[in-house]
Amino acid sequence: MTAARVSRTVLEGGLTVLVDPMADVRSVSLGFFVRAGSGDEPPARQGLSHFLEHLLFKRTKRRSNAEIARAIDRLGGDVDAFTTKEYTGFYGRTLDARFPEALDLLADVVLAPAFTAADVEVERGVILEEIGEANDNPEDLAHENLVRAFWKSHPLGAPILGTAETVAAIRKRDLERYYASRYVPDNMIVAVAGRVRPAEAIRAVEGLFRRRPSRKRTKLAAAERRPRPHSEVVIRPRRGLEQAHVCIGLAASPHTSARRHAAALLDVVLGGGMSSRLFQEVRERRGLVYTIGSALSSYRLGGYEAISAACAPKNLRRVLDVTLRELSKLKRGGVTQRELARAKENLTGNMVLALESTISRMSAAARQELYFGRTETPEEQIAKVEAVTADEVAEEAARVVDGKTLSVSVVGDAGPRALTAADLAGAL
């Protein structure tokens, strides 16, 4: 299980380079990570980060869109990108012998964009279709509506894709200004994991950035505010659905909190697997749903615990009642030692399995650098999980399970009786 310590180098312009060597693989993964996400955008231009992510693959100063596509296919691995609320990532995975080609391609995409006004309009249409597709998915829509209502006064509550209105308002100059202010060396991380020599990888990356101007990132004051949770009930009737899709949200610890490991274990006990309390009680014992689970979403300044389920409309109130009752029991009684042991096995097992993946290790190193400014060894991470006590998980449960932050989102038929935040909070 032991892994080599990740090497960390900060280049003259402020770029951070992370290299995690893996001698027993024949592949390499690399990623460019930029501190630019939907939580960093002005309200009238929501979706800027995601729009820009799309556009960078359209055209560079050396390659057309077709040439970029052919270069990706020649690598024989994976090349993709994604946008989150706090950062944007561009990554690739290929054979170790193709590392120079993959690095050249990703650097060209990220550092040398040349998109045109026509490219902007084409990609605007693609993104509007993506938004429409997301709105057609009731499970995704229930979750998105929850987050919007829960953090409605903060940029973290905004949808990553933006809305049809904000995407329609974005202009080429908006994208160029946003790129110029965010895609600068001291706001970026390059992470590499796999069969690669650290010194060679660092030299190769340094050569790409040698002529890159060093500018400071422009910060938005809104992105530094802690999100304040709101207690809301959002119901969106949707004809043609056989099930009601429900998402319950509660405020949780931020990713930078010392309580993050207790929060992760609490999530596993609550709804993180087939042996979790919610799966066993709502599905296995009562047969009210096909699937139910929880997920912890945490960011630098805030987090939330989301419980998702789908059921026949006639069962919605029972699903909510049973779920809230389980939350109340967890708040008042904490977790058992057996539950805690199973949760630790689940969490640490996933950590160990992730060590076999170059993409997982590359991404993990970048995320730790983004949030903590350093990379922990697997041994350090596992030791911190193992050190969490049942009392610490119980304390986290008491903080999280709070009727004052409870929000519910439903897409579909919510039944004849209207749901209110006061009714649901009263159960806690």
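This is a predicted model: local features need pLDDT of at least 70, side-chain atom pairs count only at pLDDT 80 or more; totals for chains, interfaces and linings use all residues.
Let's start with strand 4, where the side chains alternate. V79, A81 and T83 point to one face, and they are buried.

Now the partner strand. Strand 4 pairs with strand 5 in the antiparallel sense, over 6 bridges. The two strands form a hairpin, with 4 residues between them. Which residue of strand 5 is the bridge partner of A81? That is F90.

Stay with F90. Leave out residues up to four places away in sequence, and F90 still touches L30, G31, F32, E53, L56, F57, D80, A81, L106, V110 and Y183. F90 also belongs to the largest nonpolar core, which has 50 residues. Within this core, F32, F90 and L175 touch the most other members. Where does the largest share of the core come from? From helix 3, residues 99–111, with 9 residues. There is also a second, separate core of 43 residues. Its members include V289, I307, V319 and V388.

Next, helix 1. Is this helix mostly covered or mostly open? Mostly covered: 8 of its 8 residues are buried. By name, they are L48, S49, H50, F51, L52, E53, H54 and L55. E53 is one of the residues that F90 touches.

Last stop, T60. T60 sits in the loop between helix 1 (48–55) and helix 2 (65–75). Why does T60 count as buried? Because its relative accessibility is 5%, and the cut-off for buried is under 20%.

What is T60 in contact with, leaving aside neighbours within four places in sequence? The list is I68, D108, V109, A112, P113 and A114. With D108, there is a polar contact of 2.8 Å between the two side chains. A polar atom of the T60 side chain also lies 2.8 Å from the backbone nitrogen of R63.

One distance to close on. T60 and V205 are 145 residues apart in sequence. In space, C-alpha to C-alpha, T60 and V205 are 18 Å apart.

Note on methods. Residues are numbered from 1 along each chain as its sequence is written. Side-chain values use heavy atoms; hydrogens and water are left out. Buried means under 20% relative accessible area, exposed over 50%, partly exposed in between (1.4 Å probe, protein chains only). Contact means heavy atoms within 4.5 Å. A polar contact is a pair of N or O atoms within 3.5 Å; within protein, one must be able to donate a hydrogen and the other to accept it, and residues adjacent in sequence count only if both atoms are side-chain atoms. A nonpolar core is a set of buried Ala, Val, Leu, Ile, Met, Phe, Trp, Tyr and Cys residues joined through side-chain atoms within 4.5 Å. Two strands pair if DSSP finds at least two bridges between them.
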